[in-house]
Amino acid sequence: WRVKAIFRFSGEILGVVKIAGQSGYYIWHNTNGKPEIESKDEFVQHIVKTRYLSQPDAKRLREVVDYFVLEEEKLGNIITKIRDPIYVDDSIVHVVDTSNFTLPDALQRLVKAYEIIKAKQNFAIILGWSILAGIHHELKERSKEPIQAPVIDLYGKSQVGKTRTASLVVVRGFGQTMKNAVFGLNDVKTIFTLSEALSKTNLPAILDDVDIKWLDENSSHLKTYVSTSEFMRRGTKNLGIKSFDGRRSFILTLNEDFRQVPSVAVQNRFISLRFRESEALTPAEFQQLYALLPDGWLFPILKKILDGVKMDEILSEVNRFTSAIDYVFWGLKKINQLLEAENLPTIPLIDGQTSEEASYEDYATLFVEEILNENLKITALDPTIHSDIRGGYLIEEVQKTALKVWFTATTYKKISKRLGIPYKTVSDFLSNIPKNSQVKVLNDGLPKSVWFPEIQMPVRAYCLVKLKEGVTSEIINPDKKPERE
């Protein structure tokens with residue numbers, strides 16, 4: 001009461017805090033609509049500056065705060081907090097490394113693990129993303145420009161290793177447990193309870209086995225969180241407003257393609273990674289990875305990259321990012337510099353693609369595979385099966401190294417709608433596929449008259465060529481007729 005009445009303090013003092021590993025006491029207060037923890041001196045200076053106190057009043061305020069701290073200590077009301085192993089103090093990043101091995105050891109373990117992992121690109125993206133993940137919240141809080149620290153979504157069938165692969169970095173890398181780092185929808189049924197769970201620490205989390213319906217319903221909240229760390233505010237019984245400071249970045253796992261959510265699919269805020277059955281690891285292989293990557297294995301690497309670095313220096317680089325994948329490139333480049341210094345193999349920067357090319361190629365791959373899978377169902381499983389694209393495509397083998405996939409504009413419209421591809425016309429779709437993609441565009445993306453045997457007539461069709469696995473480059477002559485049996 002005295003602080004409020006005498007010193008014109010507008011806000012709420014929530015308690016006195018003792019932070020493990022730090023000397024002195026801290027004041028936990030709410031003066032700007034968000035709870036903050038500051039040292040006694042920082043809190044006093046804050047009140048003095050914002051309330052324009054005179055020197056005598058500033059001196060009396062210090063006496064009141066000191067008395068308040070002593071009384072709370074006598075009453076046993078001191079709140080003990082364990083500081084996160086990655087934190088920012090005085091605009092400097094600090095990393096507390098509690099692991100039992102050196103930086104060279106951690107890097108060697110990473111290289112050996114990377115050799116075992118089959119979904120190498122997915123693992124590399126998760127790894128690169130993780131380097132800044134612990135300070136995403138600080139970046140958003142301090143930046144004067146809009147920052148969209150990305151969310152990663154992993155999609156694919158059950159039992160292909162999405163959660164296990166992510167947990168190698170998010171759980172084991174950061175020394176967490178599955179209980180405090182992995183949340184299912186049963187744990188966080190509403191956006192508000194999720195935001196509460198994400199306020200506990202700044203270490204990354206996994207939101208596991210999410211469904212498309214939930215994502216669609218909460219897409220606007222997800223977009224907001226990426227930029228502000230806040231899902232929503234909720235009214236309380238006393239007519240106040242309660243909100244949680246969402247400090248954790250997270251990875252989503254789901255069985256369906258995230259880009260099927262129209263309101264989210266085309267945003268730069270998300271990085272979508274597909275896990276294929278062919279890339280699934282055996283239980284024995286995961287046991288090998290667990291042995292190589294014990295709890296906290298990432299901290300020696302994080303400490304070398306981030307510890308002692310000024311936030312302003314990192315912010316100046318982050319503010320130049322143009323898309324979500326740039327966060328990944330930043331982290332991977334830092335890791336590769338450490339690997340080079342130890343004369344160890346580096347991790348490819350996502351096949352050398354630019355920030356946007358990776359997602360464009362993925363759309364092309366998904367499109368071609370959807371036609372191939374549908375064709376397999378018809379030819380191998382049930383010739384009478386109904387298909388809305390039947391008669392609208394043609395598949396030809398080219399010299400046993402590639403497959404030509406011819407398709408009509410109508411077929412593109414149906415499949416693009418099914419997959420959530422964000423291009424309205426075939427021309428836009430084809431023009432955005434990078435030249436170094438495994439899926440090649442023929443005829444400069446223009447339609448050509450082609451005989452479709454199934455409907456016994458010529459059709460104006462577009463053509464994509466999918467190189468078979470193991471073929472790195474192939475010069476394909478679009479006019480050469482394929483070999484037929």
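**Salt bridges**

A: Start with Lys74 and Glu71: both are in helix α3, three residues apart, about one turn of the helix. Helices are DSSP runs of H or I, at least four residues, and strands are runs of E, at least two, numbered from the N terminus. This is a predicted model: local features need pLDDT of at least 70, side-chain atom pairs count only at pLDDT 80 or more, and totals for chains, interfaces and linings use all residues. Residues are numbered from 1 along each chain as its sequence is written, and side-chain values use heavy atoms, leaving out hydrogens and water.

Q: Is Lys74 buried or exposed?
A: Exposed, at 68% relative accessible area. Glu71 is partly exposed, at 25%. Buried is under 20%, exposed over 50%, partly exposed in between (1.4 Å probe, protein chains only).

Q: How many salt bridges does the structure hold?
A: 11.

Q: Which residue does Asp66 form a salt bridge with?
A: Lys40, with the closest N and O atoms 2.8 Å apart. Asp66 is in helix α3 (residues 55–74) and Lys40 in helix α2 (residues 40–51), 26 residues apart.

Q: And what does Lys118 pair with in a salt bridge?
A: Glu285, at 3.9 Å between the closest N and O atoms. Lys118 sits in the loop between α4 (103–116) and α5 (120–133), and Glu285 in helix α13 (residues 283–292), so the pair ties together parts 167 residues apart in sequence.

Q: Is Glu285 buried or exposed?
A: Buried, at 18% relative accessible area.

Key:
Salt bridge = Lys/Arg side-chain N within 4 Å of Asp/Glu carboxyl O.
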